[in-house]
Amino acid sequence: PILNGNTSGATSLLWSLFGACLVAAVIGYKPVVIVHGLFDSSGEFVELLRFINQSHPGTNVSVFDLFDRSSSLQPLWKQVEGFKAAIYPIMQNAADGVNFICYSQGGLICRGILSTLPDHNVHSFISLSSPQAGQYGDTNYLKYLFPQFMKFNLFHFCYTSVGQRISICNFWKDPHHMDMYVNSSDYLALLNSERTNPNSTVWKKNFLRIKKLVLIGGPDDGVITPWQSSQFGFYDDNETVVELKDQDLYLRDVFGLKTLNARGDLFLCSMAGVEHINWHSNYTVFNACIEKWLV
């Protein structure tokens, strides 16, 4: 009887494991690619990996040790090419596509990848507190990197050929010097087609291969300035925030935001009480804004 009991228990366990594997196979969780932000490395995402593993067991999650720490200050186009080379094989091996979670500066890197890779198969692009419309604020990062500058005079450095070799200057957007921004920004102004871009039509087509765009941010972020930039809102020349749907790049559907919204594939998730460094380790954020899109 004891032997029979053990056999029965072992059989039940095997069937349970088989059932779990079958569920995972049927649901087919897509691989997740995480791209880190300024001064980060893969070690920052332990909690996020745990959340994903708990909610979507068996998911293949990749966080790359590329452009870590101070290397994250390298020009964004260089980082786009580096991450693209690392991520592309994962895409090629994922018949049903992959999901992107791109944090802070990483969100802009992911946009560069999605715009320039014609055969990407990204399903959900989850932009986690990323300055998608640009950055203009006196933050601790700014004081650390440029102690001699404040937000009102950083354009003197950022809008030069030397400045554009530093990542933060690639998305520094001074609302009081827009002409200089448009003429000097080698990255964000091109992605937004604020600067003449002969590839804009192709980039828009590439970007629109995504199935879902999820824009996550909140008023207590403390770094992304204005915080609405995480959802494509930004300052006018009076430093009044113009929300996404009143932005020229949305109204003219410059790179596909209006199309995504018309398709029902643009989602904004705003959450108060979350500081910038905590977005990827906050379970409430994961549960409300991320988990449902990792299918």
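User: Leaving aside its neighbours within four places in sequence, which residues is G106 in contact with?
Analyst: G106 contacts V35, H36 and G37, where contact means heavy atoms within 4.5 Å. Keep in mind that this is a predicted model, in which local features need pLDDT of at least 70, side-chain atom pairs count only at pLDDT 80 or more, and totals for chains, interfaces and linings use all residues. Residues are numbered from 1 along each chain as its sequence is written, and side-chain values use heavy atoms, with hydrogens and water left out.

User: Where is G106 found?
Analyst: G106 sits in helix α4, residues 105-116. Helices here are DSSP runs of H or I with at least four residues, strands are runs of E with at least two, and both are numbered from the N terminus.

User: And is G106 buried or exposed?
Analyst: G106 is buried, at a relative accessible area of 0%. Buried means under 20%, exposed over 50%, and partly exposed in between, using a 1.4 Å probe and protein chains only.

User: OK, S167 next. What does S167 touch?
Analyst: Not counting residues up to four places away in sequence, S167 touches L38, S72, L73, Q74, L76, Q79 and Q105. S167 belongs to helix α7, residues 167-170, and is buried with a relative accessible area of 0%.

User: Switching to the other end. Which residues of α13 are buried?
Analyst: In α13, which runs over 283-290, those are V285, F286, C289 and I290. Down the helix axis they fall within an arc of 105°, so they line one face of α13. The arc is that of the directions from the helix axis to the C-beta atoms.

User: Why would residues three or four places apart point the same way?
Analyst: An α-helix has 3.6 residues a turn, so residues at that spacing point the same way.

User: What covers the buried residues of α13?
Analyst: The cover includes α2 (46-55) plus the strands β3 (98-103), β4 (122-128), β5 (212-217) and β8 (266-270).

User: What about phi at F67?
Analyst: F67 has a positive phi of about 50°, and it is not a glycine. F67 lies in the loop between β2 (61-63) and α3 (76-92), and is buried at 15% relative accessible area. S193 also isn't glycine, and its phi is positive too, near 55°. That residue is in the loop between α9 (188-191) and α10 (200-207), partly exposed at 22%.

User: Zooming out, how many helices and strands are there?
Analyst: The protein has 13 helices and 8 strands. Of its 295 residues, 51% are buried.
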